[in-house]
Amino acid sequence: MADVVVTSLERPVPPATSQAAPARAPRPGGLAAWARRGGPSTLLIALPMILCFGLFSWFPIARAVVMSVQYTNLVAAPEFVGLENFTYVLSDPLLPVAVRNTLYFAVLALLFGYPVPLLAAVAMSEVRRARGLFAALAYLPVVVPPVVAVLLWKTFYSGADTGVFNTIAGWVGAGPFPWLQDPDWAMPSLVLEATWAAAGGTVIIYLAALTGVPPELYDAAEVDGAGIWRKIWHVTLPQLRPVLFITLILQIIGTSQVFTEPYLFTGGGPANSTTTILLMIYNYAFGGRGDYGAATALSLLLAVVLAILSAIYFRTTKRWSTT
Amino acid sequence: MKSRTTAPLAVLALTAGLTAGLTACSAGEEPLSLAEADALDEQEVTLTVAIDEGLADEAVAAFETRAAEFTEEHPNITVEAQEYTWTGTTFAADLAGGTLPTVFTVPFTDGRGLIEREQIADISALTAELPYADQFNETVAQAGQAADGSQWAIPVAAYGQGIHYNRALFAEAGLDPDDPPATWDEVREAAAAISEKTGETGFGMMTSSNTGGWILTSLAYAMGGRGETNDGKQDIATIDTPEYHDALSYLHDLRWEDDSMGDEFLYDWGTSHADFGAGKIGMLISGGGDYGNLITQNAMNPDDYGVTVLPLEGDDAAALGGGTLAAVDAKASPAEQAAAVQWIDFYYLGKLTTQAGAVADAEAAAAQDQPVGAPVLPVFDKATYDQTQEWIADLINVPLEQFAPYSDGIYDQPLAPEPPSATQDLYATLDPVVQAVLTDEDADIDALLADAEQQVQTLIDRG
């Protein structure tokens with residue numbers, strides 16, 4: 001450990017305020033120099049992490065890249081097929097449907113799932129007593145295992161008059177509604193449960209971020225005569241901007257990979273109205289055919305699209321971000 | 001800068017090594033020769049075998065009794081039971097992940113594909129040695145044969161599609177449980193009556209996990225259609241046909257004109273059988289051999305159970321046939337393969353071929369109050385089947401008279417095998433078609449069938 005500390009002290013540290021690091025002088029190369037600078041001990045410390053990531057993250061990614069150009073069932077010897085899997089996947093008539101459904105889910109999830117936790121966190125931060133209790137209650141759905149939550153909601157969503165939600169709707173003279181049994185209703189029903197299930201985690205993040213907002217800013221705003229909405233608009237939101245950006249990009253990536261809800265609630269139905277890209281990937285691989293080539297090809301395409309989206313997003317919003 | 005590149009290089013090397021290692025592990029074994037099999041007879045083997053998921057304690061006890069008898073006969077083989085029930089959406093994952101038991105069962109639907117892709121062990125040399133190897137019903141045996149006729153998987157059960165019905169709901173709706181519907185019009189009338197008089201689902205329809213296509217195809221077969229034909233060179237999807245159109249129109253009328261199909265349009269096999277067992281469904285099309293599942297896994301009251309044949313209407317109408325194959329893990333060692341065939345011979349086929357096996361199996365089941373003697377289709381010939389029923393006549397505890405509408409008719413019905421190519425893909429493609437018709441009153445049946453046919457043909461061509 002001492003070596004590591006010494007090494008880090010020897011390294012030139014760029015000034016914290018400087019945007020462009022000064023050009024570094026070339027270091028004497030070779031394994032000996034690397035060893036002298038504490039390379040082996042650094043590698044030793046990092047080795048467990050490298051092994052875990054290598055085995056469980058990088059190896060599957062590398063394997064997926066290889067499989068995307070193969071025809072393989074993981075039992076017989078694989079056969080190289082070039083880009084055939086990609087052309088097959090791109091010409092699948094279900095792909096546009098799955099893309100549309102995934103975007104629909106993402107948009108609905110953003111409309112409901114993005115502002116709700118923010119409003120809840122802001123409201124909680126205004127509460128002086130029992131904030132912890134409210135935070136715990138908000139977080140409770142996150143503690144419920146996703147499969148249990150979905151199966152529970154599936155019971156609630158029963159299309160019969162006697163279903164839980166339809167009974168409640170009946171009290172106000174509405175319904176019964178075909179929550180999962182109608183192509184127009186199914187996706188919003190999925191989003192409702194997903195929002196309920198995930199909002200708690202985001203609320204906690206926002207609450208933590210809100211504690212970092214300097215109170216004097218609110219005091220100054222109050223002195224200037226700002227009401228609650230003006231304080232939220234001019235103080236809270238700008239101060240939360242970095243966290244908001246991060247949660248937004250995580251939400252976009254997360255909703256693009258939605259799988260649990262459509263798989264467990266509807267299996268992609270009725271009539272493919274909830275078939276998402278990830279469910280399609282799953283069905284290629286595990287829907288009976290065992291077409292792992294097509295599954296990995298579509299996975300890679302999705303990863304590339306998400307990476308590009310993320311890059312574009314970060315680039316276009318860089319000037320707004322304080323990080 | 002070298003220190004920054006060393007770690008990534010190490011990771012790359014590690015990844016490459018692991019890739020090579022795992023690829024090497026996936027190489028298949030050579031088929032077992034007979035001489036090798038003989039030499040393996042006495043070798044110590046631990047064999048993992050399938051036992052149905054969710055069985056009642058009594059059924060598990062009956063299984064354990066049989067396993068103990070097997071171990072007594074084969075002291076060198078240790079049998080370990082692993083819960084397993086074939087499910088379309090998880091089977092491929094289990095197969096690829098190597099988490100299946102060494103001996104497992106698959107529906108006829110999957111046999112040909114698994115054999116073509118060499119995803120199960122080639123046990124044909126071992127099966128050829130079985131004393132009854134040449135006595136299988138020819139149509140049934142084909143489900144487990146490779147193109148050259150070698151028997152890679154062993155048929156252990158066969159069925160023809162039937163209509164399961166709830167006698168209590170029939171009676172409540174003013175229908176005669178002993179005289180179930182014999183035409184599709186009568187089925188429709190009975191469904192409407194059940195729905196109206198009892199408030200339960202008159203006609204339940206599976207639509208998910210490939211079952212929608214399976215049941216739609218059963219209907220189309222019963223109306224004279226076929227899912228695929230062969231033009232002499234290759235299999236051709238024949239879905240956009242009058243028979244499939246009629247079948248979908250029939251479902252459309254039950255749903256939208258009669259409102260006799262309830263509120264659930266995303267049933268799969270498990271959920272539909274759970275609701276049927278719970279008395280929430282009046283009629284359900286499924287395999288004729290489902291009685292055991294309904295009683296032991298879904299707690300159905302045996303008094304409420306009834307089953308009849310599908311009405312066959314139109315030229316070349318046939319009941320869709322199916323069944324179960326016992327197969328062996330492709331990665332099983334030669335010794336495990338030899339032990340696996342001995343287990344299949346003892347556990348699955350002994351009760352169908354020998355008096356001792358039939359009686360032992362029936363006694364074990366009867367001792368635990370499990371169903372004994374439910375009528376099924378013969379894996380061998382009708383005479384062999386009748387003989388086994390005779391052997392266990394004193395032990396039969398199922399209400400045979402309630403099976404009469406099925407058992408009196410099924411042996412005279414023409415049975416047709418499932419579409420041979422990309423069978424599960426064909427069914428999976430038709431799932432959303434059925435769902436569309438049941439959830440959208442204005443669904444365009446012609447367009448749905450035309451699109452489905454094109455998609456299935458693409459999948460057949462992809463191989």
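Predicted model: local features only at pLDDT ≥ 70, side-chain atom pairs only at ≥ 80, totals over all residues.
Me: Which domains is chain A divided into?

Reply: Chain A has domain 1, made of 1-8 + 30-67, and domain 2, which covers 87-316. Between the C-alpha centres of domain 1 and domain 2 of chain A the distance is 36 Å.

Me: How many residues does each chain bring to the contact?

Reply: The size of an interface is often given as the accessible area lost when the parts come together. Here the contact is described by residues: 38 come from chain A and 40 from chain B. On the side of chain A that touches chain B, the elements giving two or more residues are helix H3 (39-67) and helix H14 (277-286). H3(A) supplies the largest share of that side, 10 residues.

Me: What is the make-up of that side of chain A by class?

Reply: It has 21 nonpolar, 13 polar and four charged residues.

Me: What radius of gyration does chain B have, and what would a compact globule have?

Reply: For 463 residues, a compact globule would have a radius of gyration near 23 Å. Chain B has 24 Å, which agrees. Its C-alpha trace spans about 75 × 70 × 45 Å along the principal axes.

Me: How many helices and strands are in chain B, and what share of its residues count as buried?

Reply: Chain B contains 19 helices and 11 strands. Of its 463 residues, 52% count as buried. Among contacts in chain B with a separation of 6 or more, 80% are between residues 24 or more positions apart.

Terms used. Residues numbered from 1 in each chain as written. Chains lettered and ligands numbered in written order. Domains from an automatic or database assignment. Contact = placed C-beta atoms within 7 Å. Helix = DSSP H or I, 4+ residues; strand = E, 2+ residues; numbered from the N terminus. Nonpolar A, V, L, I, M, F, W, Y, C, P; charged D, E, K, R; others polar. Rg over C-alpha atoms; globule rule 2.2 N^0.38 Å. Buried ≥ 20, exposed ≤ 12 C-beta atoms within 10 Å, placed from the backbone.
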